[in-house]
Amino acid sequence: MRILDFFKRKKEAEKNTETKQEEELPKVIINDKKVNEILEEEIKKFFPNEGVWYSNCFGQPSEVVYENLPCHLRDNDWMSKLLHGTLNYKGIYIPQRTIKKFMDNSENFANLRHEHELRIVKWQINWIKDGGSNWLMPKGTDEFSLLFSGDVDKIIRGGVVKTLKAININEEVIEEGLEKYADIWRPFAMSTSFSHIYEPIVFMVGIPYKADEEHKKNWIANREYEYYQQHKNSVDNYGTKTPAMQMTPEEHTQLVFILEKQNKSRSRFVELWKKTTPRKPIQHTINSLDEDTLER
């Protein structure tokens, strides 16, 4: 009997505890219209105004905290838990399953999420372009590639795609952001790629005279044409075609014919310059490179 009494008292204690916890919960909102009004208002503040994210997202952390939001933007179950906790903290109780159902069906919520995903793509583009660290580089490249490679445009684009895919950003949104914000990175990256090949910085030598502007213009036009051939669907769906991207195959063939001569001539000049230019003292070279790099 003593054992039975023990379990009886234990069961009554647990029941009393559950009742007390229920009494302490905020009042449940029953009116569906009121629920939707609250959720519509809350989702306006749910996504941050900036696209910043942190490296913890590489590990796909499951902890339901705002810091991990960028890692779970296509997981409505996870996001509904986050909003559920936020509302509870404010003294508003809406069941998590109700919040998830709202997220699954709300066009407004989908649009706000999409806008935030684009902010993340834009932030990532600027982060890489401005020398940020801790991003995933395309295969075959390293941290020095952005300083010397003739493929800076390909490295930046590939780095944005590889990095954001690794934290589960929707791939189609990544493509959209790369084209929507192409003016931020593509002209800069293509111009830099040309300079690395035909206006290279050489240690203890310096930088040669700038290449002919017509040569650079033709080189970038060819690069844009090739870019369009590789990323045609993304440019057509989300971007703007440059005049070079709209060249006919015949026009492109003619451009390549001219460009091959310009490339060969400039390459010979650069090689001769490297061989014949006197080496400068290290400190003088560093100061010279700083000045020339700033001018670029």
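In this predicted model, helix 3 and helix 4, the latter spanning residues 96–105, pack at an angle of about 125 degrees, and their axes lie 8 Å apart. Because angles over 145 degrees would count as roughly antiparallel and those from 65 to 115 as roughly perpendicular, helix 3 and helix 4 are described as oblique to each other. The crossing in which helix 3 passes helix 4 is right-handed. On the side of helix 3, the contact is made by Asn76, Asp77, Met79, Ser80, Lys81, Leu83, His84 and Leu87, while helix 4 contributes Gln96, Ile99, Lys100, Met103 and Asp104. When these residues are grouped by class, the contact of helix 3 with helix 4 comprises 5 nonpolar, 4 polar and 4 charged residues.

Attention then turns to the cysteines. A disulfide is a covalent bond between the sulfur atoms of two cysteines, and a search of the whole structure finds 1 disulfide. This disulfide joins Cys57 to Cys71, with an S to S distance of 1.9 Å. The pair links distant parts of the chain, since Cys57 and Cys71 are 14 residues apart, and both are placed in the loop between helix 2 (32–43) and helix 3 (76–89). The torsion about the S-S bond of Cys57 and Cys71 is about -80 degrees, and the disulfide is therefore left-handed.

Technical notes
Residues are numbered from 1 along each chain as its sequence is written. This is a predicted model: local features need pLDDT of at least 70, side-chain atom pairs count only at pLDDT 80 or more; totals for chains, interfaces and linings use all residues. Side-chain values use heavy atoms; hydrogens and water are left out. A disulfide is a pair of cysteine sulfur atoms within 2.5 Å. Helices (H or I, at least four residues) and strands (E, at least two) are DSSP runs, numbered from the N terminus. Axes are lines fitted to C-alpha atoms, for helices over the stretch in contact, and angles run from 0 to 180 degrees between N-to-C directions. Angles under 35 degrees count as roughly parallel, over 145 as roughly antiparallel, 65 to 115 as roughly perpendicular and the rest as oblique. A crossing is left-handed if the near helix is turned anticlockwise from the far one by less than a right angle, and right-handed if clockwise. Contact means heavy atoms within 4.5 Å. Ala, Val, Leu, Ile, Met, Phe, Trp, Tyr, Cys and Pro count as nonpolar, Asp, Glu, Lys and Arg as charged, and the others, Gly among them, as polar.
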